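Please keep the sequence and the structure at hand while reading.

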Amino acid sequence: MEIQSVLLIGAGLMGRGIAESLLRSGLRIFWYDVRQEDLKKALMGIEKSFQKQIAKGRLSEEEARTCLANATLLDSLESKAEVQLVIEAVSEKLSIKESLFQTLNQICDEKTIFVSNTSSLSINTLGRMSKRPEQFMGMHFFNPVPVMPLVELIRGLKTSEETVETIKGLVAKLGKTPISAPDFPGFTVNRILVPMLNEAYFCVMEGALPEDVDQGMKLGCNFPMGPLELSDFIGLDTILSVLEIMHQGFGDSKYRPCPLLKNMVEAGMYGRKSGQGFYDYRS
Ligand code: 3HC
């Protein structure tokens, strides 16, 4: 089956990036978020990004209009959704995802595939909650989604071969590259990346300057962004939640979140999105 229409749930950082990639590849999207202002803001962000691409000569006005016309913002999830795929990119809370799946099961055809952009929750658990484990899998994008070429594909024990093949086809249509990752907390990339970021927080807690840590990893390891700049970009709340899930899931103290990270999240310092993280973005 070739995916042509998608119901996308969530208009946060990842949801917006996923929407932009889907639209750029000519897919039709129906897009919903409980926070309607976020949904409108996210669409405006995509319009801005298209304007930049027009200015760089990579997209014509006409193409941008066609892509944007393929987006329908939904103000509720009540009416029947005639889509082949649902992508959920909502908060990393099992209870929120479970109640979303309940709603989706009432409005979607039984053949519709559901995928989750979760960065660490169990695909087998989510698959069971979705009540369609054969048509369920993880599809983990990376930020900024329009730029990053990778998609991690995580199948549950019950995911059908047909579902995997359909999603691989979608990844190809998006011009991205898939890797398969096992269904364990953090999958593959976050399992390696997030403990490294956590170690950078310990360095800062023990007295290193964020600028020095970032400069060190950029100049010493050729990282495009230092670990603290990258953390502010991803969102410290998101990283804390991934670490907590890995810590709980593996029961291994090496994944314990750095106390400095916990304090910063407690203080509402989430990084770029809140204006303050390891760096200040308020001016
Ligand atoms: N949306 C769309 N396009 C963007 C963008 C965004 N948010 N940010 C940058 N771009 C584009 C720019 O327009 C530019 O395009 P062009 O080369 O075609 O003109 C290109 O990306 C490069 O941007 P810049 O020249 O402004 O800046 P950089 O060269 O520094 O690149 C970067 C920016 C691509 C973000 C680079 O710094 C980078 O690769 N950083 C690391 C990102 C990373 O590690 N992401 C993974 C995070 S982990 C994750 O997402 C998993 C989750 O579960 C936590």
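## The ligand site

A polar contact is a pair of N or O atoms within 3.5 Å; within protein, one atom must be able to donate a hydrogen and the other to accept it, and residues adjacent in sequence count only if both atoms are side-chain atoms. An N or O atom in the side chain of lysine 56 is 2.7 Å from an oxygen atom of the ligand. For histidine 140, a polar side-chain atom lies 2.7 Å from a ligand oxygen atom. In asparagine 190, a side-chain N or O atom is 3.0 Å from an oxygen atom of the ligand.

The structure is a predicted model, in which local features need pLDDT of at least 70 and side-chain atom pairs count only at pLDDT 80 or more, while totals for chains, interfaces and linings use all residues. Residues are numbered from 1 along each chain as its sequence is written, and side-chain values use heavy atoms, with hydrogens and water left out.

There are 16 residues around the ligand, and Lys56, Arg58, His140, Asn143 and Asn190 come nearest. A residue is near a molecule or strand if one of its heavy atoms lies within 4 Å of it.

## Two backbone spots

Most residues other than glycine have a negative phi, and most peptide bonds are trans. The peptide bond from asparagine 143 to proline 144 is cis, with omega near 0°. Proline 144 sits in the loop between β6 (136-141) and β7 (150-155). Helices (H or I, at least four residues) and strands (E, at least two) are DSSP runs, numbered from the N terminus.

Phenylalanine 187 is not a glycine, yet has a positive phi of about 50°. Its place is in the loop between β8 (177-180) and α7.

## Helix α10 and helix α7

Two packed helices are described by the angle between their axes and the distance between the axes. Axes are lines fitted to C-alpha atoms, for helices over the stretch in contact, and angles run from 0 to 180 degrees between N-to-C directions. The axes of helix α7 (residues 189-205) and α10 come within 10 Å and cross at roughly 110°. That makes α7 roughly perpendicular to α10 (65 to 115 degrees; under 35 is roughly parallel, over 145 roughly antiparallel and the rest oblique).

Contact means heavy atoms within 4.5 Å. On the α7 side, Asn190, Arg191, Val194, Pro195, Leu197, Asn198 and Tyr201 meet Ile239, Val242, Leu243, Met246 and Phe250 in α10. This contact of α7 with α10 has 9 nonpolar, 2 polar and 1 charged residues. Ala, Val, Leu, Ile, Met, Phe, Trp, Tyr, Cys and Pro count as nonpolar, Asp, Glu, Lys and Arg as charged, and the others, Gly among them, as polar.

Helix α10 (residues 236-250) and helix α11 (residues 259-266) have axes that come within 9 Å and cross at roughly 130°. That makes α10 oblique to α11. Leu236, Asp237, Ile239, Leu240 and Leu243 in α10 meet Leu261, Lys262, Met264 and Val265 in α11. By class, the residues of this contact are 7 nonpolar, no polar and 2 charged.

Helix α9 (residues 227-234) packs against α10 at an angle of about 95°, with the axes 6 Å apart. The two helices α9 and α10 are therefore roughly perpendicular to each other. Ser231, Asp232 and Ile234 in α9 meet Leu236, Thr238 and Ile239 in α10. The contact of α9 with α10 divides into 3 nonpolar, 2 polar and 1 charged residues.
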